[in-house]
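Q: Hi, I have a structure open and some quick questions. Can we go through it together?

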Amino acid sequence: MDFVSLLREQLVQSYAVRIGDGRPPPSWMERFEIGSAPRFMAAVRGLASEHGYGSPWGFLPLRERLALTLGERSIKASPDQILLTQGANHALDLVARQMLEPGDTVLVDSPGYYPLFGKLRLSRIAIVGVQRRQDGPDLDDLAAKAAAHKPKLFFTQSLAHNPTGGSITPAVAHRLLQVAGQHGFYVVEDDPFADVLPAASPRLAALDQLDRVIYVGTFSKTLSASLRVGYVAAKRPLIDRLCDVKMLTIVSTSDYVERIVYGFIASGHYLRHLRRLKTRIEDHADKAMLALGRIGVRLPPAASGSYYLWGELPGHIDELGLTHRAAERGIFLAPGSLFMPVKMPTAPAMRINIAYADDPRFTDFLAEELRA
C-alpha cells in the first residue's frame, strides 16, 4: 500500500465495497452523463467555437461566471485573475512547477491530501507535515515548522478537509495568515467542495483577498470527475506565469468541455443538482455516523458538506493487516497512514466515504475485527 496503489484503485475499481473511495458514487451524478450534454449546450449558442485550442486562460464566460461565484464567497477576483485547469490536481501541479524548485521545502496538512504528497516528491520537493486538527492546522506546530524549515508554500484544505472532514474556524484562519506573513510563505488553499458548502464559510482567500493566498477550486467533486475542469485564482502577475506553464506543458485545456460546464451552470441545472447533492450528503453522513457509532468507531466531528469521516481505531489494530483482510473480502479501505506525508508511528485510523459507510458488508467485517 502506497500513494500510487491507493490512487490506482480509485481509478481501476477492483473492489465491490468502496469505503476508501475519494469520490461519491456514480449514481449521485447520474444526470450529468456526457451524452446529455447537448441539452445544455443551448446555453452557449452564439458563442462561436473555431474548433481550435481555445484561449490558454480558458473559456471566458466560465471565468466570468466563476468571478461572480468567488464574489459570493467574499473573494474579489476579476476573470483575468482566474485560470482554468484540468481539475484541482492540475492547478496544484502548475503552482508547484512555477513556484518551487528541487530541494525547496513546503508545508502540508498531516493527515492531508495524499496525491499532493506524491506529486511533490516526484518534483524532488521536501515536504513537512503540520498537524491537522478538526478546526484547522495546529498553529503552534505551523509556526514552529515555518521557523525551522523556511518553507515557500503551505498547501492546505480549509473546509471539508480530506481526509478528516473538519473545517477551519475564523480564529484559526486569521492567525494562520499572520503566521504566513511573519514567515514569508504563500498559502495554497484547495477548496474542492466549495459548491456544496455555505458561501460565507471562513475561507483564507476571503480574509486575504488573494494577496498571499492562492485559491484552487474544481467541479470534479460536485459535477463530474470525467469532465476535468478546475481553476486557480491568484494575483494577476502570478496567474500570467501559471498560464505560461500551462501552455508549455499541455498547451491548453478543452474549450469544448469548459463550454459544457458553463452550459450546465447557465441553464440552472447545476444549481438544481447541487441541492440534491447536499441532501444526499446530509442523509448519508447521518447514516454513516449512526452505523459506525454502533460498532465502536470513534468519529471526530466532521463538517457539513464533507464526503469523509475520519474513523479512529483502537491502538492495537494493525492498519495494513486490516486493509489486506478487507481486500480479501472485496472491501477497499483507505488506511490513515497513507494520508501522512512522512512515514511515522501514528494512531490507527481510516478515511471513510460516507456514501458507503453503512454497507453491512463493511460494518459486519469491521465489527468482527474490533471484537477480535
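Q: Is Lys150 exposed or buried?
A: Lys150 counts as exposed, at 60% relative accessibility. Exposed means over 50% relative accessible area, buried under 20%, and partly exposed in between, with a 1.4 Å probe and protein chains only. One caution: this is a predicted model, where local features need pLDDT of at least 70, side-chain atom pairs count only at pLDDT 80 or more, and totals for chains, interfaces and linings use all residues. Residues are numbered from 1 along each chain as its sequence is written, and side-chain values use heavy atoms, with hydrogens and water left out.

Q: Where does Lys150 lie?
A: Lys150 lies in the loop between helix H6 (139-149) and strand E5 (153-156). Helices (H or I, at least four residues) and strands (E, at least two) are DSSP runs, numbered from the N terminus.

Q: What is its phi?
A: Lys150 has a positive phi of about 50°, and it is not a glycine. Most residues other than glycine have a negative phi.

Q: What about the phi of Arg228?
A: Arg228 is not a glycine either, and its phi is positive, about 55°. Arg228 is in the loop between strand E7 (213-218) and strand E8 (230-233). With 34% relative accessibility, Arg228 is partly exposed.

Q: Which residues lie nearest the centre of the largest pocket?
A: Leu7, Asn89, Tyr113, Pro115 and Arg228 do, out of 30 lining residues. Helix H1 (3-12), helix H4 (87-99) and helix H5 (114-122) each give two or more residues to that lining. The pocket's volume is about 710 Å³.

Q: How do you define a pocket?
A: Take a 1 Å grid over the protein atoms alone. A pocket is an open set of points with protein on both sides within 12 Å along at least five of seven lines. A cavity is a set of points where a 1.4 Å probe fits but cannot get out. Lining residues have an atom within 4 Å of a point. Points are joined across faces, edges and corners, and a volume is the space filled by probe spheres set on them.

Q: How many cavities of 30 Å³ or more are there?
A: One. The largest cavity has a volume of about 100 Å³. It has 14 lining residues, and those closest to its centre are Tyr113, Leu116, Phe155, Thr156 and Gln157.

Q: New topic. Where are the cis peptide bonds?
A: One joins Ser110 and Pro111, with omega about 0°. Another joins Asn162 and Pro163, with omega about 25°. Most peptide bonds are trans. Pro111 is in the loop between strand E2 (105-110) and H5. Pro163 is in the loop between E5 and helix H7 (170-183).

Q: Is Gln81 buried or exposed?
A: Gln81 is buried, at 16% relative accessible area. Gln81 is in the loop between helix H3 (60-72) and strand E1 (82-85).

Q: What does its side chain reach?
A: The side chain of Gln81 reaches the backbone oxygen of Ala234 at 3.2 Å.

Q: Last one. What is the strand order in the open sheet?
A: The order is E9-E11-E10, with antiparallel pairing. Two strands pair if DSSP finds at least two bridges between them. Strand E9 (308-312) and strand E10 (334-335) stand at the edges with a single partner strand each, so one side of each has no neighbour in the sheet. E9 and strand E11 (residues 349-353) pair over five bridges. Tyr308 has Asn353 in E11 as its bridge partner.

Conventions: A polar contact is a pair of N or O atoms within 3.5 Å; within protein, one must be able to donate a hydrogen and the other to accept it, and residues adjacent in sequence count only if both atoms are side-chain atoms.
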